[in-house]
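Please read the points below alongside the coordinates. They follow the order in which I looked at the model.

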Amino acid sequence: MKFTRFFVFCFLTFVLVITLASCQFNSNNKSGVDIVVASKGFTEQDILSELLAQQIETTTNLQVDRRRFTSALVTHSALIAGKIDAYIEYTGVAFTSILKQKVINDPKVLYEKLKQGYAQQFDLEVMKPLGFENTFAMIIRGEDAKRYNLQTLSQAAKYTPQWRGGFGYEFVEREDGFTGLAKTYNFRFAKPPRLMELGLIYRALLQKQVDMINGNSTDGRIARLGLVVLKDDKQYFPPYEAAPIVRQATLKKYPEVRKAIAQLSGRITADEMRRLNYLVEGELQDIKDVVRQFRKSKGLASFKDNISNSVIRKHSSCL
């Protein structure tokens, strides 16, 4: 009896040691990651990055990692350096900020030139857009729009000497950003624009620390906070269609990635993107859950989305 108990004790101890060692190995082993997708560091980008990741994970046998950066230039640099494999970029951003080309207002012409330029210069593929455009939005408080009867940027120009602008760092530095906008509309603010993190910019507007900010047209907070987007009546901003950018080397190594991402083409409207943003920012829902439900609503879910809870618990036990 004592021998049996001793044998059982030794066996269980052996199993425990092997299990812990396996968990430790898996947690430190990065070689299991096949694809790395990235976000440029704000809510919509986090959602789109997760959409890419889930789409690849559930339609292929590849393991996907997520990374988060802070700007288009940093994310692009990581992409061409091979530190990441894919991310969602906006065509106007890529064309003016990365390729350093002048604005083209025709979205089809811009896309073809962008696709060609990225392939030739960076060995990157610009895949077909997701279906929505996220252009810059110049935003003011609803009360100011009503008080001055403002609908367009041209109308707002006469009030800028009394206002202070609050803009993101990237917007101030970009070719298609603040400098060109100010020249086009003859904006003359009382003080130099206040440079701000995008996460704080709406709060500053509501607290009247600034009077005009740059945002995104698909931002769910605009309507929720009673803000107004001024119309770009001189069509200063270029098209900003959301499109996946992928390393050609990655597509060559994993052809199934092309098919997986191609299924997302034209599947998201601006209203749908606005709602996804609101679910995360307004209702504080988990991004992974929001993306999972969206994919299901679009018929993009696969058998991997239905993995059993027992398997999930098995992997969670290693955490």
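In which helix does Q55 lie? Q55 lies in helix α2.

1. Basis. This is a predicted model, in which local features need pLDDT of at least 70 and side-chain atom pairs count only at pLDDT 80 or more, while totals for chains, interfaces and linings use all residues. Residues are numbered from 1 along each chain as its sequence is written, and side-chain values use heavy atoms, with hydrogens and water left out.

2. Q55. The relative accessible area of Q55 is 0%, so Q55 is buried (buried means under 20% relative accessible area, exposed over 50%, partly exposed in between, with a 1.4 Å probe and protein chains only). Leaving aside residues up to four places away in sequence, Q55 touches A260, Q263, L264, R295 and L300 (contact means heavy atoms within 4.5 Å).

3. Helix α14. Helices are DSSP runs of H or I with at least four residues, strands runs of E with at least two, both numbered from the N terminus. The 12 residues of α14 (270-281) should span 16 Å at 1.5 Å a residue, and the end C-alpha atoms are 16 Å apart, which agrees (the expected span is 1.5 Å times one less than the number of residues). M273, L276, N277, L279 and V280 of α14 are buried. They cover an arc of only 160 degrees around the axis, which puts them on the same side of α14 (the arc is that of the directions from the helix axis to the C-beta atoms). D271 and R275, on the other side, are exposed. The cover over the buried residues of α14 includes α2 (43-59) and α15 (287-297).

4. Sheet. An open, mixed sheet has 5 strands in the order β2-β1-β3-β10-β4 (two strands pair if DSSP finds at least two bridges between them). β2 (64-68) and β4 (124-126) are at the edges with a single partner strand each, so one side of each has no neighbour in the sheet. β1 (35-39) and β3 (86-90) run parallel, joined by 2 bridges.

5. Aromatic pairs. The structure holds 16 aromatic pairs (ring centres of Phe, Tyr and Trp, the last by its six-membered ring, within 6.5 Å; planes under 30 degrees apart count as stacked, over 60 as edge-to-face, the rest as tilted). The ring centres of F136 and F237 are 5.3 Å apart with planes at 45 degrees, so this pair is tilted. F136 is in strand β5 and F237 in the loop between β9 and β10, 101 residues apart. Y185 and F187 form a stacked pair, with 5.7 Å between centres and 25 degrees between planes.
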